[in-house]
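My entries follow, in the order I made them.

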Amino acid sequence: MSRFSKIIVLAAVMVAAAACSGNASIEGTLSDVPSSEVVVKLLNVNYYEVLDTVKTDAAGRFSYKAEIAEGQPEFIYVFYKDSKVASLLLEAGDKVKVTADTLGNYSVEGSEESAKLAQVEKTYADALVKLSSLSDRALTAEGKELDDIRRQIGQEYVNYYRNSVRYVMENSRSLTVVPVFFQNFGSDLPVFSQSTDAIHFAAISDSLETVYPESKYVKALRNEAKRRQNLLELEARLNSAEAIGYPDIELPDVNASKVKLSDVDAKVTLIFFWNPSDAGQKMFNLDFLKNIYEDYHKKGFEIYQVALDPDKALWARVVKEQKLPWINVCDSRGSASPYALLYNISSVPAAFVIADGELVDGDMVTEKAFRKRIEQLLK
């Protein structure tokens, strides 16, 4: 390639790169704290990332330019000390004007999405104030008054939830729906708390992916949609299943044939969750489980081993190389497995014992103690 050709190619690459990114400019006024500082932060899915600290002039004016990739709008927030004073949803090329005070009142011009986000946050804040006021009244109320307040709290929640569903459905191509999906009334009451909300998460994810396929916020929403769909499917299976004394599991084995835990024909079954990429857990198969299995399998003992690993090829290879004779299944959802949630597993390995159709205590601290327990259960 000639030197001239290389220059042409380099220029083309630079032009293409420039076309893929741009700036959004913010011209702001923080009215009641002149000659101070504001902090500009980016929402990086689940935490704030500080972009810059900007000084305001004697009239409280400040300006900032945020780098925004083309087709990937960003949630940008302006803070004064620890208080959020403005929320923006900016696209490449946006030029917005923000007027704010330190009490959280603000207005936005020049960005339709930012204006919608401001309204979303105001509606949410108003609902929080109403519910907080009702909760404070409930602390001192009694009898019929307390019952009435509780009904009002319930009705406020239902009304807000219905309006939120209406908003996300009517704005299915706007990223302003993302924070709506993750709003909470207190630490233990998400607005979207019903299992069937998985349908809304999935539908809006589908819609947003057609507009912003590379957005990190859309990808996070899709991950949450998948998690909720898994739980909804699991709930449906549990509701339709015959009553048993433990949560059932149905996963594919190395031959891609699904095996149900409830179909295991054994007097005592060890459910063992593990990670096949961990060297220590692989050695546990050979040094502990194989010995236990060989000694008690003919007496009615079985192992139902569940790999929580997205790398199914690695898992299958380990099972075959170690010649593991018991039931081996894999959940490629890894730590996001609904079965891990169902069995309250925070880390692996994790073990549970089923005896005569019921979950029982099975101490695996030492091999000697576990053998003693298995012998008791097999009698």
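**Entry 1**

I started with V40, whose bridge partner in β5 is V78. The model is predicted, so I kept its limits in view: local features need pLDDT of at least 70, side-chain atom pairs count only at pLDDT 80 or more, and totals for chains, interfaces and linings use all residues. Residues are numbered from 1 along each chain as its sequence is written, and side-chain values use heavy atoms, with hydrogens and water left out.

Strand β2 (residues 37–43) and strand β5 (residues 74–80) run antiparallel and are joined by four bridges. Strands here are DSSP runs of E with at least two residues, helices are runs of H or I with at least four, and both are numbered from the N terminus. Two strands pair if DSSP finds at least two bridges between them.

I then looked at the other partner, β3 (residues 48–55). Seven bridges join β2 to β3, again antiparallel. K41 has V50 as its bridge partner in β3. The two strands form a hairpin with four residues between them. In that turn, V45 has a positive phi of about 70 degrees.

The whole sheet is open and has four strands in the order β3-β2-β5-β6, with antiparallel pairing. β3 and β6 (83–90) are the edge strands, each pairing on one side only. The twist averages 25 degrees from one strand to the next. Helix α2 (residues 112–138) lies across β5 and β6 and runs at about 140 degrees to β6. Such angles run from 0 to 180 degrees between N-to-C directions, with axes fitted to C-alpha atoms, for helices over the stretch in contact.

**Entry 2: the five-stranded sheet**

This second sheet is also open, in the order β13-β12-β11-β14-β15, and its pairing is mixed. β13 and β15 stand at the edges with a single partner strand each, so one side of each has no neighbour in the sheet. β11 and β14 (residues 350–355) run antiparallel, joined by six bridges. F272 has A351 as its bridge partner in β14.

I checked L359 in β15 (residues 358–360). Buried means under 20% relative accessible area, exposed over 50%, and partly exposed in between (1.4 Å probe, protein chains only). Beyond its neighbours within four places in sequence, L359 is in contact (heavy atoms within 4.5 Å) with G245, Y246, P247, Y343, F352, V353 and I354.

**Entry 3: helices on this sheet**

α8 (residues 312–322) lies across β11, β12 and β13, at about 165 degrees to β13. In α8, L314, W315, A316, V318, V319 and Q322 are buried. Their cover includes β9 (250–252), β11 (268–274), α7 (279–296), β12 (301–308) and β13 (327–331). Just after α8, K323 takes a positive phi of about 50 degrees.

α10 (residues 367–378) lies across β11, β12, β14 and β15, at about 145 degrees to β11. Which helix packs with α10? It is α7, at an angle of about 25 degrees, with the axes 12 Å apart. α7 and α10 are therefore roughly parallel; that term covers angles under 35 degrees. D287, F288, N291, I292, D295 and Y296 in α7 meet E367, F370, R371, I374, E375 and L378 in α10.

Conventions: Parallel < 35°, antiparallel > 145°, perpendicular 65-115°, else oblique.
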